[in-house]
Amino acid sequence: MGVKGGLLGGRRGASGRGARLSLWALGALMGVSLGVIQAQEEPDVAAGAPGDAVSLGESAYFEATTARYFDRGEAARAVALIVAPIDTAEDEALLEAWRWKCEQWNWSLAVVGVQSQSGLPPAKRREAGSWLQRQISRWVAEAQTSALAEGEELPRLPMIAYAQGEGADWLMPEWVEGRSQVRAWAVKGGRRFPKLKMNQRGQAEESPSAEMAPGFLIGTQGTSRGMREFVVGLRQQDLTRRLAFFASQGNLKLNPEVEDELALQFLKAAMRPEPEAERWVHADTGAMLTAEVLEKGQAYELANYLWFPDGELHGAWDSLCVQRTVEPPMVVKMFSKYVNRPPQAFDRIEFHHNKLGKERKGILLFAIDDKRPQSIFQSAEWIDFAREQGWAVLVFNIRKGERIKTYNKAVDYLDGRLFQFIDEGPFKALKDLPIVWIGEGRPAYWMQHIMIKRPERFAAWAAEGTPEFVTMPQGTRMPPGLIVAPKPELHFPSLFYLQDLRKVHQANRVCLLANGRGNLDQEYVDEFTQLFLEGVAKLGRGNGFWWRYRDSQPLTLSQSQQGVDPADYVWFPNQIVAGTWQLLSRERPQVPVPTIEQFTLETRVEEIPELSLYLRIPGSVDKNSPREIKGVMCFCTWQQEDTTLLNRLKRPDDHLVALAERNDLAMITWNTASLVPRGTSIFSLDEEAMEALSAKYDEIGEYWLKAIEKVCRDHKLPRDNFFLHGQSRGSVYANRIALRHPDKFLAVHTHIGAHYEEPVEEASNVIWLVTTGEIDGGYTQSRQFFLKGQEQGFPMMIKAGPSLGHRSRDDIELLSHSFFEYVLNLRDRADLRTETGDEGTVTPADLFREDLEKAPYFGDFINHEVYPKDEGEWVPEGQRIKLPNETMANAWGMPPAKES
């Protein structure tokens with residue numbers, strides 16, 4: 001929540017987010033008549049092929065110039081001119097980003113690079129800028145003409161311009177004085193601002209110069225000095241000038257791509273401004289211009305108001321201005337209560353609160369895991385925000401413990417404690433008031449559960465940096481909410497949760513703020529969260545509006561009536577929130593969304609009355625794709641709750657999910673349960689009890705076979721040659737299912753299993769990987785199963801993770817990943833040999849045995865080292881684990897990684 005660094009560095013004016021005012025007193029004077037400069041005779045500019053770099057001609061002012069034109073043909077609505085130093089203009093990644101944006105908006109793109117002569121005297125700078133402007137105008141006109149078919153005539157397209165660095169220094173005077181065809185302009189990183197004539201009071205004198213097109217100035221690190229004075233001076237000369245600026249914010253370095261996005265968004269909106277959408281905002285406080293200020297204000301005061309063509313751009317600018325005029329910091333006292341002896345699921349449960357005055361309208365609840373929860377109450381930004389909304393503040397500090405038996409019971413406990421504190425404790429006078437919660441990480445996950453149990457108690461919510469999300473039944477209604485993925489690795493899980501919320505009920509109003517390429521700055525996340533929650537609180541009877549996530553296209557009434565996929569859209573309470581989102585939510589590609597479904601089969605096994613299967617179809621394979629499912633990856637763990645199982649299927653960083661997605665494999669998992677009484681060791685069972693236990697596994701295996709055959713039949717999936725992975729209790733299930741139905745499986749990997757059944761000959765054509773931990777309780781049993789399988793000719797490998805207990809780790813997951821990739825390769829090789837050879841059917845297991853016979857490496861099972869075949873003669877034969885190729889040898893011999 002970024003309470004340490006501060007959100008805005010101070011408070012906004014009371015009217016900073018007030019109702020929009022239509023300024024007809026100024027708006028009536030804002031018609032722009034474009035001054036067109038007649039170009040003097042200049043050297044011809046080579047048009048070149050579309051997209052090819054050409055020169056603007058030789059000049060005494062510039063060492064080199066480059067120009068590239070990308071035409072949109074009849075679809076073009078304008079020409080976007082980008083002028084920058086040559087190294088920036090030739091940056092292919094940046095150029096591609098500009099082209100993508102222009103294609104989205106149907107703009108032709110003209111990119112000019114400049115490199116000026118060194119030591120150019122000041123007297124020549126005006127001439128240089130004029131020469132550059134004229135050459136650009138001629139070149140763009142010729143480029144448009146050359147793109148037409150013979151005899152074709154199209155009207156001249158309006159031009160909008162964006163200049164950076166050196167390009168801004170040369171062209172800003174041309175645009176400021178109206179000697180240009182541009183309809184709107186923006187500059188970034190300019191260092192030389194044209195001088196304005198000042199009076200004796202230090203104010204810019206009125207200027208009779210030509211009308212100026214709307215302009216936006218962006219100051220980067222080291223280039224903001226003098227920019228504000230320049231803009232305010234231009235406004236003093238003529239209060240009808242539509243200008244805005246953004247200055248670099250202290251030590252906070254803004255991503256250059258965000259700066260470019262801000263400039264392009266301004267140009268798009270300024271090209272066709274709508275008077276009723278225009279806004280005038282004070283540069284310091286962020287307060288909107290009111291009728292009272294307009295009537296009584298002096299010219300020098302009104303000159304400090306900046307112009308924005310619409311609320312979206314206002315919101316984008318507002319979100320970046322994180323440092324404003326500050327007031328003395330304040331500290332708000334907090335009152336605390338600690339839960340003694342929490343269950344093992346939690347190490348710490350604390351409540352800290354302050355009602356912040358009387359007659360509260362609601363409760364702002366922070367769900368966090370922090371060693372310094374008092375930082376919330378020491379944050380002027382958050383406390384001011386709560387006061388502004390009329391909310392009391394409650395901090396719910398939760399730290400997860402070492403052992404969670406079931407998440408459902410943990411949620412029940414937290415739910416009871418939270419509402420006991422609110423309804424019977426310090427907040428009992430406020431217990432009927434709505435709750436707005438903000439959660440970080442794992443505490444946000446707990447709050448999701450609690451909100452689903454009692455949705456009527458909550459008005460809005462925001463979940464930030466949450467690695468997992470709650471599974472919801474169809475028809476679940478949620479209050480308006482925000483999901484924030486501040487890191488790239490959280491983007492996809494957060495996106496899947498957004499889609500889940502929209503699919504279970506398409507009226508769920510939820511927004512996602514994410515960046516697929518880099519981390520989001522905390523100051524901007526905090527600002528967006530406040531804007532969103534405030535927008536929800538002030539929504540009144542309005543319903544907000546929807547944009548498509550990947551390209552910001554609005555949802556129209558006709559589309560909603562035609563039943564578009566609701567999962568494609570995010571919701572905003574107002575324009576300011578939408579504009580801020582469009583700037584901060586950078587990479588929004590159309591993500592291939594996997595299909596995840598649940599199937600339930602009733603059983604007669606007491607411990608598992610329902611066998612629930614969960615199916616995941618890769619997003620790259622759908623009904624409209626020529627690709628098809630090439631196999632089925634089954635896995636089972638110790639987990640049995642819907643949320644934990646489904647969350648794993650939604651994690652693209654999971655090694656099994658990534659493997660399945662890349663190789664077009666469906667995934668199927670299912671719930672497991674302990675079949676022996678709690679506290680009873682399986683090794684203490686007598687012969688009769690072991691037979692009864694084996695019979696239960698027989699029965700579960702039959703139910704599993706019945707369920708999985710139905711799933712595969714209904715979804716046209718392969719019916720055999722499955723891949724199977726089991727871990728902990730799931731490894732016991734995997735071992736028994738594979739031994740009972742070996743004809744279904746191609747390869748099996750079991751990890752940290754504590755009990756294995758005897759190998760059977762029927763399973764000797766299944767490829768096996770057995771892994772365990774060196775200090776795991778099932779080490780001996782895993783080793784014995786491997787040795788017995790070897791005696792029966794099973795194609796097998798084994799690995800014991802050094803110093804590893806009863807858990808997984810990066811080196812084990814890498815070996816598992818490499819193992820299944822290797823088996824996929826064996827499958828392809830076997831198919832090829834069967835088709836082209838005369839030796840009959842060749843199985844992957846046959847090829848695995850062949851590879852082991854000529855294995856170039858072996859691993860030392862005891863010492864965890866890998867040797868080439870002709871080295872390490874001192875290693876006893878019983879310790880040698882044959883490794884079929886270099887890739888498997890590297891994966892087997894990886895040094896231990898950090899435990900997950």
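1. Helices (H or I, at least four residues) and strands (E, at least two) are DSSP runs, numbered from the N terminus.

2. A word on what you are looking at: this is a predicted model, in which local features need pLDDT of at least 70 and side-chain atom pairs count only at pLDDT 80 or more, while totals for chains, interfaces and linings use all residues. Residues are numbered from 1 along each chain as its sequence is written, and side-chain values use heavy atoms, with hydrogens and water left out.

3. On confidence, pLDDT is the predictor's confidence in each residue, from 0 to 100. The protein chain averages 81, and 85% of the residues score at least 70. Please keep two stretches in mind. Over residues 3-49 the pLDDT is below 50, and this stretch has 119 contacts in the model beyond near neighbours in sequence. Over residues 895-900 the pLDDT is also below 50, with 15 contacts counted in that way. Contact means heavy atoms within 4.5 Å.

4. For the overall picture, the protein chain holds 25 helices and 30 strands. Of its 900 residues, 56% are buried. Taking contacts between residues at least 6 apart in sequence, 74% join residues at least 24 apart.

5. Back to β16 and its partners. Two strands pair if DSSP finds at least two bridges between them. On one hand, β15 and β16 run parallel and are joined by four bridges, with A462 having L482 of β16 as its bridge partner. On the other, β16 pairs in the parallel sense with β17 (residues 510-514) over five bridges, and V484 stands opposite L513 in β17.

6. Strand β15 (residues 458-464) is mostly covered too, with six of its seven residues buried. Strand β14 (residues 435-440) pairs with β15 in the parallel sense over six bridges. Within that pairing, A460 of β15 is the bridge partner of V436.

7. Now for the open sheet of seven strands, which has mixed pairing and the order β1-β3-β2-β4-β5-β6-β7. Its edge strands are β1 (62-70) and β7 (243-246), each pairing on one side only. Neighbouring strands are turned by 15° against each other on average, direction ignored.

8. Helix α5 (residues 166-176) touches β1, β2 (78-85), β3 (107-116), β4 (159-164), β5 (182-188) and β6, and its direction makes about 145° with that of β5. Helix α7 (residues 256-271) touches β2, β3, β4, β5, β6 and β7, and its direction makes about 165° with that of β5. Axes are lines fitted to C-alpha atoms, for helices over the stretch in contact, and angles run from 0 to 180 degrees between N-to-C directions.

9. Which helix pair deserves a look for its packing angle? Helix α20 (residues 687-714) and helix α21 (residues 729-740) pack at about 75°, with their axes 10 Å apart. They are therefore roughly perpendicular to each other, a label that covers 65 to 115 degrees; under 35 counts as roughly parallel, over 145 as roughly antiparallel and the rest as oblique. S694, Y697, D698, I700 and W704 of α20 meet V732, Y733, R736, I737 and R740 of α21.

10. Q727 sits in strand β24 (residues 722-727) and is buried, with a relative accessible area of 11%. Leaving aside neighbours within four places in sequence, Q727 is in contact with C636, T637, W638, H751, I752 and S808. L824 belongs to helix α23 (residues 810-836) and counts as buried at 6% relative accessibility. With neighbours within four places in sequence left aside, the contacts of L824 are N663, L665 and F723. L824 and L746 are 78 residues apart in sequence and 9.4 Å apart in space, C-alpha to C-alpha.

Definitions and conventions
Buried < 20%, exposed > 50% of the residue type's maximum accessible area, 1.4 Å probe, protein only.
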